[in-house]
Amino acid sequence: MAVRGNQFKTNTFRDKGAENAPGKSSSSRQPKEKKEYLPSFDLQDGRAVKIVGLFFVILSLYFLIAFTSYLFTWQDDQSYVIDANGGWGNLFKTAEELKDAGVDIPVVQNWLGKFGALLSHQFIYEWFGIASFLFVLAFFIIGYRLLFKVKILSISKTLGYSFFFLLFISLTLGFAHGFWGESPHYLEGEFGYWSNKLLSAQIGAAGVAGLIAFAGLTILIIAYNIDFKLPERKEKEVYLDNETPDYVNEVREKFAQNRAAEEPSEPIEFPVRDKPPVNNERRQQNVVLQPSRFEEKEEDKQVIAPVVLSPLATNLPLATSAAAMPLTVEPTIEEEKEPAFTIEKTEEEKKSDDLVEQFGNYDEKLDLSGYKYPTVDLLENYGTNKISVNAEELEANKNKIVETLNHYNIEIDKIKATIGPTVTLYEIIPAPGVRISKIKNLEDDIALSLAALGIRIIAPMPGKGTIGIEVPNQHPEMVPMRSILNTEKWTQNTMDLPIALGKTISNEVFIADLAKMPHLLVAGATGQGKSVGINSILVSLLFKKHPAQLKFVLVDPKKVELTLFNRIERHFLAKLPGEADAIITDTKKVVNTLNSLCIEMDQRYDLLKDAQVRNLKEYNDKFIKRKLNPNNGHRFLPFIVLVVDEFADLMMTAGKEVEAPIARLAQLARAIGIHLVLATQRPSVNIITGTIKANFPARLAFRVLSKIDSRTILDSGGADQLIGRGDMLLSTGSDLIRLQCAFVDTPEVDRISEYIGNQRGYADAYQLPEYIDEAGEGSKADFDPNERDKFFEDAARLIVMHQQGSTSLIQRKLKLGYNRAGRIIDQLEAAGIVGPFEGSKAREVLYPDEYSLEQFLNSMDDKD
Ligand SMILES: Nc1ncnc2c1ncn2[C@@H]1O[C@H](COP(=O)(O)OP(=O)(O)OP(=O)(O)O)[C@@H](O)[C@H]1O
């Protein structure tokens, strides 16, 4: 194991590649970049706002320190700050001058010097007393908001409340202080003192107290809408009598009559009143309520005219409106704080730390450290990629849409166009009252009037409140792969398995993460761009991933589509041991490979379990930090992407044999880094079965031939209205996004695989676990106890101890190769210790405890 060299882990070529990207240095982009670096003092630029924010934050801190200091030093500084001795005029006077002016102590004690003393005196003594601290709060909130753009409290509310409380606190303290003090005090300031004096003279002390109480309660009502509740009285009537609508009185009377006569009652129809009805039709529905005690005498029915609820009646105020209903919130029990503790490092952790210190982190790329990622030069430059929709085309389409809609009496308020590479999206806002379904029904008519194929109407546009009409451009623009891989969005991308799918209809580059999808189903009629789509997925992964991080399992029943990738076998492909070709074309081999992937999945889960992590990323992180011992079977796990080019063909020939492992992989493989991409021409229900569909939330549809096909793949129409040549719809469960697929031509793919293939690779393709088709093999009769493996007994004990009949367990714990472990498990089956092969599930263990196993093993030895 080449552990020692792993401390050298440089990979600068990747960045170099990105820097060398031709598009980056192209002259067309430079002026723009330069412009961005020019300093700008524009107000909108945000710098001025930050400066003002900073000023306010510092001002608030200054006020806080000055005011706090004032509370302790005001007596010392009093002779300096009072107006009689010069006040603010003293600020620039020398000590001698101050002495002459009659200041006893010319040196101020305030922590912020003369200015701090004068400022605090002004605010606290001469103005609002200690309520002036509210200035600190207000300045801080404003400053913090402007500087960090984080909202602690609303600025307008803060200012409003601060202003109110400034006056309120000052007045209240002035009122309280008035009972024992005869001159202004720093508690209330001169404002509080004099305003209290003034008010008391006008309305008396009781009046001032009332005013203060009124102001205090008013602000509480404004802020919290507090309730003033008298002691509860039992509520008898739902309605006040003068508000009771006639029909209720009528019903009540009838009830009263019935009750008085002790006669069975007629069904009485009550309007639904307790919940506001949804629409007018529902409002008129009545609920028939038949009190059970009146049920017996059906024949004595008296007909009471049903009371029909008029729509207005429901608008009556409910007796207990939601706003008036008090809500009490139970105080939650605060969680106990966890006691502070320190984590002692275990022996193993210390060991791994030592290893990391000695050799650095494990570098999975080390074996191919000289590997060079493909560069965009290998891709074709297809010209300008400018969208060529002219103004006349836009105008003409707009007019046609408006005319068609007008023709059907649909008025619209606004229309706007977004030009994409293949289609232009016209978003319309219909006039109020226009039904969306009406526009949706006109899809064909609009298509006819625009004389264009591939019109798609999205009504309403999700999250936009408009209706979208996608109209194909007369000259659709191709989206070359190169133009996407040159963008910053791609080069800066840090997704696990980024795939450059193309551009959206608003011309934005669209990159998805296959690891998050986590599997992708691709469908499209022949010649609509499916193969190009698969090539762009593969190419994008090849551009971003190192051979150590990613392996492909390529299945190509058509035998021609993926052959180009043959050259990267020793770098990026995975295959079954002993196979000549890495690209699988034969159905039987596909079944074996899929089952082998299931075994790989199980092995990976065992490894994850052993490492006590939940997914591939955490596992690899731990492995890189040398926390997992390779001698215990741990290894760096690359992503595995299985690509099946013609899935329909497989399903036709192998059916369930293929479906079962695919469904299992799709269900379970996401966490351990195995991702599937299945492509099919025929998206019929017997190919994309329910099980498969349920596990493929991400689906990509190129143009298909019928609405039914579109429904099968996307669960909605739309794919039948695409225009082909890479026009596609991506469904990710909730969203449906129209994209123009990135175009990568065969010669480009050829160049990329040649570029990679010519570099030094691994000795062989990545070996998948061997899958032994167990049907019919290993029957009991074949078992010869004398030929049993040397590890047979150990394996038997291991399996009974763990109660888990898995080959990988034997392989790992006894450190055996897969083939040998497989042979042992066959012998264990033949000896009747484990049950038969159950697909990719662990076998049943037939001995419940080690004691019974030992007895069995002894009996075997006796026979020998
Ligand atoms: N993204 C695209 N941009 C521009 N043109 C495209 C795009 N994708 C496909 N085309 C055009 O459509 C043609 C057919 O595409 P492709 O070979 O991918 O079809 P397909 O669906 O794989 O067909 P089949 O299933 O028969 O193999 C291409 O040769 C190319 O000219």
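Which residue forms a salt bridge with arginine 738? I looked up the pair and found aspartate 727, with the closest N and O atoms 2.6 Å apart. I count a salt bridge when a side-chain nitrogen of Lys or Arg is within 4 Å of a carboxyl oxygen of Asp or Glu.

**Ground rules.** I am working from a predicted model, where local features need pLDDT of at least 70, side-chain atom pairs count only at pLDDT 80 or more, and totals for chains, interfaces and linings use all residues. Residues are numbered from 1 along each chain as its sequence is written, and side-chain values use heavy atoms, with hydrogens and water left out.

**Entry 1: salt bridges.** I noted 28 salt bridges in the structure. I then went back to the pair of arginine 738 and aspartate 727. This pair links distant parts of the chain, 11 residues apart: arginine 738 sits in strand β17, and aspartate 727 in strand β16 (residues 727-732). Helices (H or I, at least four residues) and strands (E, at least two) are DSSP runs, numbered from the N terminus. Both arginine 738 and aspartate 727 are buried. Buried means under 20% relative accessible area, exposed means over 50%, and partly exposed lies in between (1.4 Å probe, protein chains only).

Next I checked glutamate 470 and arginine 456. Their side chains meet in a salt bridge at 2.9 Å, N to O. Glutamate 470 is in strand β6 (residues 467-472) and arginine 456 in strand β5 (residues 456-458), so the pair ties together parts 14 residues apart in sequence. Glutamate 470 counts as buried because its relative accessibility is 1%. Arginine 456 is buried too, with a relative accessible area of 8%.

I also looked at glutamate 793 and arginine 797, whose side chains form a salt bridge at 3.6 Å, N to O. They are 4 residues apart in helix α27 (residues 792-802), so about one helical turn separates them. Glutamate 793 is partly exposed at 21% relative accessible area. Arginine 797 is partly exposed at 27%.

**Entry 2: the ligand.** Which residues come nearest to the ligand? Of the 18 residues around the ligand, I list Thr526, Gly527, Ser531, Gln681 and Cys741. A residue is near if one of its heavy atoms lies within 4 Å of the molecule or strand in question. By class, the shell has 6 nonpolar, 8 polar and 4 charged residues. Here Ala, Val, Leu, Ile, Met, Phe, Trp, Tyr, Cys and Pro count as nonpolar, Asp, Glu, Lys and Arg as charged, and the others, Gly among them, as polar.

I followed the ligand's oxygen atoms. A polar side-chain atom of serine 531 lies 2.5 Å from one oxygen atom of the ligand. A backbone N or O atom of lysine 530 lies 3.0 Å from a ligand oxygen atom. For valine 532, a polar backbone atom is 2.9 Å from an oxygen atom of the ligand. Taken alone, the ligand exposes 630 Å², and the protein buries 76% of that. I took accessible areas from the Shrake-Rupley method with a 1.4 Å probe; for residues, only the protein chains shown count as cover.

Helix or strand? The elements giving two or more residues to the shell are α18 (530-544) and β17 (736-743). The largest share, 4 residues, comes from β17.

**Entry 3: leucine 64.** I placed leucine 64 in helix α4 (residues 47-81). Leucine 64 counts as partly exposed because its relative accessibility is 36%.

Technical notes:
A polar contact is a pair of N or O atoms within 3.5 Å; within protein, one must be able to donate a hydrogen and the other to accept it, and residues adjacent in sequence count only if both atoms are side-chain atoms.
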